[in-house]
Amino acid sequence: MKFRYQILLLALLPLVVSVLISLSEIGQLLTQLKAGIDKDLHASEQKIITRLDAGRQLTAETARVIAESDDILLGLQTTDVEMLYQQGRMFLGSDVDYIAFIDPHGMINARGHDEFRFGDTPETNAEIHKGLAGKEFSGLTKYDGQTLLFSVAPIHYYDGTTMGAVVVGITIKSDFLKSIAGVQGVRVQINKNKKILADSMPGKSTLEMRSMTFPYPAGSPDPYTVKVMFDASERLHNLSQLQNNLGIYGSILAAVLISLIFFFTNRLVDPIKTLVVAMHDYTSKGVTSFNIPRSTKEIYELVNAFREMICDLEENKKSLVDAEKKYRTIFEKALQGIYQTDLDGKIIVANPAIARIYGAENTDELTGTRPGSHAFKYSSPESHELFLREIVEKGENKSQSFSLINSAGQEKLIIESGQLLYDEEGKPFAIEGAVRDETRKMQQEKTERKRSIAEAASKAKSVFLDNSGQGFLSFGPELLVDGEFSRECANILPDMCAGCEISKLLYPDPDDDKIRKQFAFNLQRILKEEQEFKRDLFISLMPQEFNLIRKIVKCDYKYIEGQLMMILTDITAERKLEETAKQEQKRLRFIVSTVRSSKDFFDITESFNDFCAETFGPALKSGPESPEQLEELYRGVHTFKGLMLQQDFIHTPPMLHELETLLGNAAQEPSSGNASMQQLFSACKQAFDKDMEIIRESLGEKFLKAGPAVSLSRETAEELKNMAADMLAEAQAPNHSDETRKALLELTRIDHLSIIEALENGGRVVDRLAPALEKEVDAFTVEGDDIYLDAEKFGPFLQSLVHVFRNAIDHGIETPDERLELEKEGPARISCSVHTAGGNIEIIIADNGRGIDADLIREAAVAKGMMNEEEAVAMTDEEIQGLIFKTMFSTREKVTSLSGRGVGLGAVSTEVEALGGTVRVESELWKGTKFIFNLPLETID
């Protein structure tokens with residue numbers, strides 16, 4: 001009996017052991033499956049981030065290209081939604097499927113992807129409105145009824161004003177999320193505020209075995225949440241079913257053992273012997289039907305149950321082995337390199353992909369070494385050591401890009417991620433790393449971008465350029481026009497042809513040969529320059545307009561991959577319109593100045609008529625009798641030119657400038673003909689008559705006849721003045737009030753003028769010239785004693801001071817940039833002061849500009865032959881500065897309408913001498929200049 005029990009136990013032992021081993025293997029496979037799922041999730045996370053970043057980069061580049069388009073700017077300015085729609089369609093493709101143009105108020109003017117929706121205002125969106133604030137921005141957003149991976153770029157006007165923005169996006173739908181998930185069974189959702197905005201498996205329930213979430217874009221103050229889940233429904237169901245089956249089988253086994261014990265105790269040997277024989281026949285002969293007596297039917301059923309259980313166990317074991325082989329195959333054939341290192345950074349296990357990336361012959365060669373210690377090494381090993389060390393010390397997942405270089409100088413760009421692995425007790429035991437070779441991808445993306453740009457340019461040319469009203473042409477380093485150019489080029493450039501040299505087309509005049517060669521040199525310099533910022537700088541310095549035969553052409557330059565594209569626009573009509581508007585502005589300014597300063601206007605016109613009738617006219621008839629008379633004419637013309645410019649005369653100042661030039665030549669060559677001078681003088685009179693006709697047409701003949709005030713003859717004015725003086729002698733009489741004495745005093749000054757009011761006219765000169773010369777001057781001030789001067793005696797002197805004010809603006813005051821470089825605070829200042837002391841009147845005109853450079857005056861004096869170098873050096877700075885009052889002396893090499901003839905200050909000096917006064921200059925280089933006039937009081941009536 002004992003022997004039979006041993007046989008029975010030996011027969012049951014393999015079955016029990018098989019069940020226990022299967023249960024253990026299932027547990028191990030489940031653990032491996034979960035670890036594999038975790039790897040898949042991390043791999044999906046990196047791929048999703050990479051794809052989303054690539055999408056953002058694509059939309060950002062597309063948005064930037066669209067924002068720089070002149071046609072888009074024109075469309076926003078004119079609210080031409082059809083143009084915007086057509087322009088937007090050019091940039092749609094297999095990736096970008098959403099384009100919208102937004103005006104400064106947030107309204108969508110047009111959508112490049114939808115020709116039926118215009119002019120609506122979607123919900124407020126902070127991310128989109130950053131583009132309207134002049135900033136580029138990209139990320140995820142819910143906008144215009146779409147969930148978008150988007151970029152927004154501001155559209156600027158030429159002066160930097162934000163005209164609107166363009167939004168370029170990729171609509172995030174389930175197909176897009178499926179394409180970026182990368183691994184079968186991985187589900188991707190995008191959420192905002194716990195609301196699902198997009199799902200790669202919409203409407204499907206998921207059994208989450210593992211999931212992970214991360215914010216996107218990283219670092220955003222209000223990011224979206226990307227959730228990555230592994231749908232383990234099917235796999236876990238099969239494994240759980242298998243585990244459940246094994247549990248059932250174990251239960252059955254336990255039940256059988258209990259039954260056997262029962263049978264042993266009740267029927268003992270014969271039933272057990274029959275069971276052993278049946279099991280022996282099954283295991284050794286494969287017998288599946290047994291002749292079991294009816295009395296042992298229970299044993300028969302038990303044997304069949306054992307048979308079925310063993311078959312199921314074998315089948316499930318085979319499934320688990322196949323799954324392990326599958327995941328091993330995925331590991332071995334993965335394109336992404338995978339490795340595990342110990343905490344010191346030495347590789348424990350690696351797949352073939354990592355061996356290829358590091359340049360090892362096989363994975364065995366990697367074992368026990370550090371990453372990047374083979375053919376390809378990290379260009380910065382210290383950075384990689386820090387990468388691994390931070391993973392261990394901080395226990396955080398990290399992802400970073402690195403550069404690998406081999407001995408031949410070949411470079412690989414990789415993205416490496418790593419994380420810690422923990423044992424059952426929660427202690428880290430290894431680092432798991434994944435390496436993705438991005439070299440080919442980046443090269444492909446660069447090639448694809450080039451291809452896309454080329455296709456977009458070709459499409460734009462074929463669809464729009466010929467009908468755009470602009471000339472589009474391109475050329476390479478040889479400067480020969482390519483075969484494809486728009487139709488408008490032939491209208492703008494009559495000699496246009498393929499293969500023509502661009503510099504000769506834009507500078508056809510043989511006299512422009514020097515300019516043409518310099519232009520060609522600059523174009524070649526731009527095309528050869530490799531640094532983008534330098535190339536852009538050179539382009540900004542190129543001519544923007546060309547004056548061709550009866551045409552004015554505007555030119556824009558675009559550099560495209562070794563080629564330079566020129567965009568030509570005929571702006572002849574625009575310039576004519578601008579010139580007409582400019583003339584009208586001059587006319588209105590002349591009229592306003594006349595009305596506002598009518599007294600100055602009538603003083604100038606009356607003095608000019610007297611000058612022409614009494615001085616210039618007689619001199620021309622007989623011819624200038626002496627150099628002094630010629631110099632007097634020269635000073636008079638120069639003074640009237642300045643006064644009329646101050647009063648905004650239109651036609652007379654340019655003619656006086658030409659007459660001034662002719663007088664200057666006559667001073668140098670006395671033999672110059674008098675006929676030309678007479679002819680030019682007549683032209684000046686005609687120009688003066690044209691200016692007077694403008695006032696007559698605008699303000700009427702009555703204005704010219706009335707004059708600025710009530711007119712009195714000189715005799716009448718003298719009688720009134722003498723009468724008031726006689727009455728003032730009796731001013732102490734009781735019957736004269738203070739009002740009477742004040743009125744009598746005013747009458748004694750009836751032919752006098754206030755020196756304060758006269759000097760304040762200089763403020764108008766400063767206010768008008770400073771902006772024209774792009775200089776900043778603070779408020780003009782006059783202070784001191786208000787003295788009344790005889791207008792007949794002092795009028796010419798006060799009028800000549802216009803030259804001092806003009807010289808202060810033109811020569812003395814620096815530009816804002818120069819003042820900033822010299823550390824001078826605020827705008828420049830020009831001021832006047834009047835004081836009486838010691839029987840004299842002192843007038844000071846001062847500025848805080850650059851001062852007078854005595855050395856520069858010495859050089860000019862020597863160059864003009866006024867003295868030799870020894871004499872110039874021997875003179876003091878004060879004596880040298882006095883040369884500026886010499887007629888025909890100027891430090892300017894080029895004559896302008898403001899200065900350069902050396903006449904203005906000479907005229908001032910002449911008038912001072914006529915009054916018996918003196919003028920001196922006090923100047924300190926880079927500090928400022930003072931003109932100090934002293935006039936004797938006895939000349940003042």
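Colleague: How do β25 and β26 pair, parallel or antiparallel, and over how many bridges?

Modeller: In this predicted model, β25 and β26 pair in the antiparallel sense, over seven bridges. As one example, Ser923 has Thr929 in β26 as its bridge partner.

Colleague: What sits in the loop between β25 and β26?

Modeller: Trp926 has its place there, between β25 (918-924) and β26 (928-936). Its phi is near 70 degrees, a positive value in a residue other than glycine. For background, most residues other than glycine have a negative phi.

Colleague: Is Trp926 buried, exposed or partly exposed?

Modeller: Trp926 is partly exposed, with a relative accessible area of 42%.

Colleague: Which sheet do β25 and β26 belong to?

Modeller: They are in an open sheet of five strands, in the order β21-β23-β24-β26-β25, and the pairing is mixed. β21 and β25 stand at the edges with a single partner strand each, so one side of each has no neighbour in the sheet. From one strand to the next, the twist averages 15 degrees.

Colleague: Which helix lies across β23, β24 and β26?

Modeller: Helix α26 (residues 802-812) does, and it runs at about 140 degrees to β23.

Colleague: How many bridges join β3 and β4?

Modeller: Seven, in the antiparallel sense, with β4 covering residues 146-156. Within that pairing, Phe137 stands opposite Val152 in β4.

Colleague: Next, β14. Which strands does it pair with?

Modeller: Strand β13 (residues 398-405) pairs with β14 (residues 411-422) in the antiparallel sense over eight bridges. β14 also pairs with β15 (residues 428-437), again antiparallel, over nine bridges. In the β15 pairing, Leu420 stands opposite Ile431.

Colleague: Which residue takes a positive phi in the hairpin of β14 and β15?

Modeller: Gly426, with phi near 85 degrees; the hairpin has five residues between the strands.

Colleague: Back to Phe402. Which ring does it pair with?

Modeller: Phe402 forms an edge-to-face pair with Tyr378, at 5.4 Å centre to centre and 80 degrees between the planes. The pair links distant parts of the chain, since Tyr378 is in strand β12 (residues 377-378) and Phe402 in strand β13, 24 residues apart. Both Tyr378 and Phe402 are buried.

Colleague: How many aromatic pairs are there?

Modeller: The count comes to 20 aromatic pairs. Ring pairs also link a cluster of phenylalanines, including Phe590, Phe601, Phe640 and Phe688.

Colleague: Now α28. Which of its residues are buried?

Modeller: In α28 (residues 854-863), the buried ones are Ala854, Ile857, Arg858, Ala860 and Ala861. Seen down the helix axis, they fall within an arc of 165 degrees, so they line one face of α28.

Colleague: What is on the face turned away from the buried side?

Modeller: The exposed residues Glu859 and Ala863 are carried there. On the buried side, the cover includes α29 (869-874) and α30 (877-881).

Colleague: What happens at the start of α28, and what follows the helix?

Modeller: At the start, a side-chain oxygen of Asp853 comes to within 3.1 Å of the backbone nitrogen of Asp855. Gly865 follows α28, and its phi is positive, near 80 degrees.

Colleague: Last one, the whole chain. How many helices and strands?

Modeller: The protein chain has 31 helices and 26 strands. Of its 941 residues, 42% count as buried. Among contacts between residues at least 6 apart in sequence, 58% join residues at least 24 apart.

Conventions
Residues numbered from 1 in each chain as written. Heavy atoms only, no water. Pairing = 2+ DSSP bridges. Helix = DSSP H or I, 4+ residues; strand = E, 2+ residues; numbered from the N terminus. Buried < 20%, exposed > 50% of the residue type's maximum accessible area, 1.4 Å probe, protein only. Arc of directions from axis to C-beta. Contact = heavy atoms within 4.5 Å. Polar contact = N/O pair within 3.5 Å; in protein donor to acceptor, adjacent residues only side chain to side chain. Phe/Tyr/Trp six-rings, centres within 6.5 Å; stacked < 30°, edge-to-face > 60°. Axes fitted to C-alpha atoms, helices over the stretch in contact; angles between N-to-C directions.
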